[in-house]
Amino acid sequence: MKQIAALALLAASAAHAGDALPIHGAWTGKIGNSGINACFTDSDSHYFYLKHLHGIPLEKAEGEADSWNEEVQGKATGKWKITSVTATQLTGEWIGAGNDKGMPIQLSRLSALAGGDCGPDFYAPIAAANKPRYSNGQIGKLALRISHSPLGESFNLVGSSEPLRKINDYVAHWEEERITQANFCERNGGGGWQDNLTAGKVLANYLLVNVDAPDVYCGGPHTTSSHSTLIFDLATGETVEPSSWLAESGEIEEPLRKLIMKKANVCDRLEPSIIPSSPSATGLSFDLDYPHFHRDCNETIEISYAKLAPFLSQEGKELAQRVRLLSK
């Protein structure tokens, strides 16, 4: 029997060589008569019932082989005892907290891990329930289909050209990641998640897109929020790093840092991280990012193209020339 079990374990490992353990990956099936999806990874295992879609964390039980503890809002709610894992099937028993009798766990594998996490097929029921409403919009000469959902706003560009397809593919992947992040926040005690991807403006041949997440709690010592700008080249559909417009491989060298900090507000003598963010018709903006407890000091500083001239790469100089011509 031990040899058979070893062969089964070897087969499961071979079938999913990218997974650290045979149990790792996405699964679907039932606990008793209730449908679930489950995800096991090296660092973050969890599941949800298909009837309510709320994430429930699972933690490997110390000193108990093949057992996982679950809790909701800090309260123990049950235990998983896994009895068998093959390349395609997982079986075991779920025992509620304070109960002696359990319910059978019978799952089939959905997929292996992708990049260390479960992929879109695991989150598909949550995505299907996140029903958006749509509206039309326009930015420059680009027609938009804007999606409004409980998780926030996003968009698609109307058209079939290769650059537009690439941008829409990027947005689709971003939406998948947003569902993953929302589920993570919920099962770690967060009260909800919203993240917005909005088309800001067209400048020269670039589409500037705002990415905004409000102040939310996702576990850990404090809340989190973010704002950034994505830049797409409309000729290729590829994202552009603003640092590519700076010489010295995009590094903020001391002379440029001094130029930026001359326009910044003083914040308790702290030195912020400085990140090039987005262009305008008149200059290039830089985000000043301070430690969390001084985030009220965060600000964005624009430096004119004329003052930036000594610090621009050839690509940056070409950008400055194009936007100047368009602004005339």
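**Overall picture**

Author: Of the 328 residues in the protein chain, 40% count as buried. Keep in mind that this is a predicted model.

Reader: OK, how many helices and strands in the protein chain?

Author: The protein chain has 6 helices and 17 strands. Its C-alpha trace spans about 80 × 50 × 40 Å along the principal axes.

Reader: And what share of the contacts with a separation of 6 or more comes from residues 24 or more positions apart?

Author: Those account for 45% of such contacts in the chain. As for the surface, the accessible area comes to about 17900 Å², and 52% of that belongs to carbon and sulfur atoms.

Reader: Switching to charges. How many salt bridges does a search of the whole structure find?

Author: The search finds 6. One of them pairs the side chains of Arg187 and Asp44, with N to O at 2.4 Å.

Reader: Where do Arg187 and Asp44 lie?

Author: Arg187 is in helix α3 (residues 162-187) and Asp44 is in the loop between β2 (34-40) and β3 (45-49), so the pair ties together parts that are 143 residues apart in sequence.

Reader: Is Arg187 buried or exposed?

Author: Arg187 counts as buried because its relative accessibility is 8%, and the cut-off for buried is under 20%. Asp44 counts as partly exposed, at 24%.

Reader: What about Lys79, which residue does its side chain meet in a salt bridge?

Author: That's Glu64, at 2.9 Å from N to O. Lys79 sits in strand β6 (residues 75-85), while Glu64 is in the loop between β4 (56-60) and β5 (67-72), so parts 15 residues apart in sequence are tied together. Glu64 is partly exposed, with a relative accessible area of 32%.

Reader: Which residue does Glu271 form a salt bridge with?

Author: Arg257, and their closest N and O atoms are 3.0 Å apart. Glu271 belongs to the loop between α4 (254-261) and β15 (273-279), and Arg257 to helix α4, 14 residues apart. Glu271 counts as exposed at 56% relative accessibility, whereas Arg257 counts as buried at 16%.

Reader: How does the lining divide into nonpolar, polar and charged?

Author: There are 12 nonpolar, 14 polar and 6 charged residues in the lining of the largest pocket.

Reader: Last topic, backbone. What's phi for Asp66?

Author: Asp66 has a positive phi of about 60°, although it isn't a glycine. Asp66 is in the loop between β4 and β5, and counts as partly exposed at 43% relative accessibility.

Reader: And what's phi like at Ala204?

Author: Phi of Ala204 is near 55°, again a positive value in a residue other than glycine. Ala204 lies in the loop between β12 (196-203) and β13 (206-216), and is partly exposed, with a relative accessible area of 22%.

Methods: Residues are numbered from 1 along each chain as its sequence is written. This is a predicted model: local features need pLDDT of at least 70, side-chain atom pairs count only at pLDDT 80 or more; totals for chains, interfaces and linings use all residues. Side-chain values use heavy atoms; hydrogens and water are left out. A salt bridge is a side-chain nitrogen of Lys or Arg within 4 Å of a carboxyl oxygen of Asp or Glu. Helices (H or I, at least four residues) and strands (E, at least two) are DSSP runs, numbered from the N terminus. Buried means under 20% relative accessible area, exposed over 50%, partly exposed in between (1.4 Å probe, protein chains only). Ala, Val, Leu, Ile, Met, Phe, Trp, Tyr, Cys and Pro count as nonpolar, Asp, Glu, Lys and Arg as charged, and the others, Gly among them, as polar. Contact means heavy atoms within 4.5 Å. Accessible areas come from the Shrake-Rupley method with a 1.4 Å probe; for residues, only the protein chains shown count as cover.
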